[in-house]
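Good morning, colleagues. Please bring the sequence and the structure up on the screen, and I shall take you through a few local details and then the chain as a whole.

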Amino acid sequence: MATPSPLLALLSLPPPLDLPLPSLTLLLSPFSPASPLATSRPLSLAILSRPLSPATTSLLLSTLTSFLSASATSSSRIQGLSAFTAILQVAPATALSFLQDPKFQGGFSQSVESISRGRKDGEDCEGEGAALVQLLVEAAGVSSLRNQIRETAGAWLDSLLDNGKKDSSEEKELVRAMAGVAIIKLRLGREEGMPAPPQRPSEPTLSSLGELLSSIYINSSCSTTETSFKTSLVALEGLSYLTLPSTPSSSALKSTLITSTSPFLSALLPKIPRELTPPYAYTLSTLLSHLTAFPAPTPATAPPSALSPGPIEPPETSSSVTTRNSLLLYHPLLPTLHALSTSPQSSSQTRSLVCKTYLSLISDKTLRPNMIAKGVAKDLRKMLVENGASIRLEREGRRCAVQGVARLLITAQPDLVFDEGGLLDMGLLMAVEVAELDEVDEKSESGAGGGKLLRIFECLMALTNIVSLGGEVAEKIAAVVIGREEKGKGKAGRGMLRIVESAMLSSNSMVQRAATELACNLVCTDAGLYYYEPKPSGTISSPAPPADSTSTSTLTSIIAPKSKGLSPSLHILLALCSSPDLSSQLAASGALAVLISSSPLITFAIFTAQPPKGWEALLELVREGGDEGLAMRGWDWVISLTGWLKAEKVEEEEKEEARLCIKEWEGRLQQIRNSGGVETVEELLKGLKVE
């Protein structure tokens with residue numbers, strides 16, 4: 001049984017930590033070369049990330065200053081550099097405050113200069129050099145330190161890249177990889193509002209750095225030692241920076257890395273995924289998200305950047321990304337993404353990046369069938385609704401996962417993608433997503449996968465396809481969407497149909513169409529029918545009918561001369577029958593055809609309302625030369641109206657009220673007769689005795 005680390009006692013202390021010198025010495029001991037507590041370094045990092053008392057901070061500063069003094073031994077200097085690297089990682093504000101101290105700043109600068117000068121002179125200080133390079137990798141990410149590093153250690157970092165060509169030991173490869181990452185950060189990083197720094201004569205190009213790091217990764221992936229694993233991780237980090245869309249030459253590097261016979265891809269995506277650690281999983285998922293990302297839309301009026309650290313290359317095209325993603329799928333990319341999505345070593349950030357990668361791949365319609373067959377939809381579902389309580393997707397990752405699922409549900413028959421449980425889960429998530437997107441600003445939702453309106457459209461279309469299947473799933477989703485909230489369903493149950501109705505009036509034809517088609521499918525459910533059915537009070541109440549409610553209740557209060565108004569929901573459907581978008585017209589008139597055939601309450605509300613919007617909509621549907629689909633729906637209205645008027649369930653006084661309304665519209669009915677539907681209209685007129 002392993003002996004518990006003595007550092008655990010320090011970790012349990014309440015903040016701010018007030019440590020005496022012996023405890024501080026214990027805390028820093030894992031950073032000493034060949035320390036027996038080297039395996040406890042993660043515990044030291046965790047402790048250093050916690051708030052320290054002013055006295056402990058002062059004691060830590062003086063201890064590190066002594067480690068970096070001119071009289072310090074090589075071992076102490078390595079310990080000081082490694083400890084300061086750790087502080088820069090977990091408590092950067094504390095590290096930067098130390099650099100404001102003249103004594104510490106002097107010792108730090110002297111250490112950088114002496115180690116780099118010694119390395120150039122061939123002195124034996126490999127341990128110090130490795131510790132310094134590791135520190136410079138972190139420090140190069142801090143804008144206030146970059147100029148100092150460029151001036152004091154830039155040329156030395158350049159020289160390290162060639163140092164391992166003759167001696168390619170694992171330790172030398174690790175140092176070369178770290179030096180490459182530090183140079184990349186120095187090259188790409190720049191202070192806001194300032195031009196990029198001039199390139200040193202000895203400084204390698206970004207392309208050559210990409211080639212170097214990919215070569216190092218290929219070599220290190222062949223070994224299973226701890227040093228090689230660290231080297232692989234560092235190389236992936238550098239490649240992640242180089243493949244950022246904003247990095248010059250990134251598209252050229254991606255084309256070099258990804259070919260049908262790429263040795264780099266064979267190493268990156270082995271048939272059996274490599275053992276994952278949290279840092280490796282995160283770095284790998286970052287690189288994969290960059291390799292598969294589509295270019296962000298750039299405004300046509302955007303000026304060229306004066307801060308670019310290299311020549312401006314032509315923007316990458318969507319077709320080149322599509323080709324690259326197809327090549328990636330020839331390698332075991334999907335098994336790797338599956339491993340990243342299900343591994344307990346994957347953090348919330350890692351899974352969010354996996355979702356982003358999946359969305360990029362799903363964006364290509366030709367790849368979707370294969371991805372459904374390989375279980376991608378199930379992976380996304382697990383990350384959305386089956387994560388452990390300790391792991392949550394980041395907001396952008398959740399957005400990408402929901403949108404990826406939506407695109408799969410739009411492409412394929414929904415019941416071929418999920419079982420009933422999955423369809424219900426995803427339907428409710430789509431509803432929640434639409435409700436949340438409705439509350440945010442358009443500009444704040446322009447990340448991966450497009451802007452707010454595109455996301456709303458895709459979620460509405462996916463929801464439409466699920467509800468179109470009917471059955472118990474459709475009824476449950478309709479009950480939630482329309483407003484009967486189920487416990488734990490959140491915003492999906494708070495009047496989401498009002499958001500759908502707002503989308504039905506959108507100036508964006510795609511959003512309008514998707515929302516109207518969803519409404520058309522919702523009216524086929526019990527909750528949907530009851531929602532649109534006028535109540536005796538003339539208002540819309542809860543979406544679920546009382547137990548003793550029937551569709552054949554009295555119509556007197558609905559068609560009485562003084563209460564002939566339509567509900568806003570019916571007004572919207574009638575208005576959309578004249579929409580410039582044919583698909584929206586078809587969906588709205590189809591929804592009304594279902595409502596009119598299902599409920600006399602709705603039928604008489606529509607055809608006795610003043611002003612006569614129902615008749616106006618009907619005439620628009622059956623006008624001469626119009627769309628055949630619209631005409632068919634219009635005649636469905638007429639047939640249903642005739643049927644309700646002849647039904648014994650409708651009282652004579654109600655029939656008479658309807659007849660009087662229709663009498664006023666005899667001229668309009670004549671127009672319908674002339675449009676070609678003679679038999680149906682003659683039947684209607686004969687039944688109403690208004691010939």
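This is a predicted model: local features need pLDDT of at least 70, side-chain atom pairs count only at pLDDT 80 or more; totals for chains, interfaces and linings use all residues.

Glu433 has its place in helix H23, which covers residues 420-437; helices here are DSSP runs of H or I with at least four residues, strands are runs of E with at least two, and both are numbered from the N terminus. Residues are numbered from 1 along each chain as its sequence is written, and side-chain values use heavy atoms, with hydrogens and water left out.

Is Glu433 buried or exposed? Its relative accessibility is 1%, so Glu433 counts as buried. Buried means under 20% relative accessible area, exposed means over 50%, and partly exposed lies in between, with a 1.4 Å probe and protein chains only.

Which side chain does the side chain of Glu433 meet in a polar contact? The partner is the side chain of Arg398, at 3.1 Å. A polar contact is a pair of N or O atoms within 3.5 Å; within protein, one must be able to donate a hydrogen and the other to accept it, and residues adjacent in sequence count only if both atoms are side-chain atoms. Leaving aside residues up to four places away in sequence, Glu433 touches Arg398, Arg399, Val402 and Cys459, where contact means heavy atoms within 4.5 Å.

Leu429 also lies in helix H23. Leu429 is buried, with a relative accessible area of 11%. With residues up to four places away in sequence again not counted, Leu429 touches Leu384, Val385 and Arg398. Between Leu429 and Ala406 there are 9.9 Å in space, C-alpha to C-alpha, and 23 residues in sequence.

I turn now to a helix pair. Helix H18 (residues 348-362) packs against helix H21 (residues 395-411) at an angle of about 30°, and their axes are 8 Å apart. Axes are lines fitted to C-alpha atoms, for helices over the stretch in contact, and angles run from 0 to 180 degrees between N-to-C directions. H18 is therefore roughly parallel to H21; angles under 35 degrees count as roughly parallel, over 145 as roughly antiparallel, 65 to 115 as roughly perpendicular and the rest as oblique.

Finally, the whole chain. There are 37 helices and zero strands, and of the 691 residues, 53% are buried.
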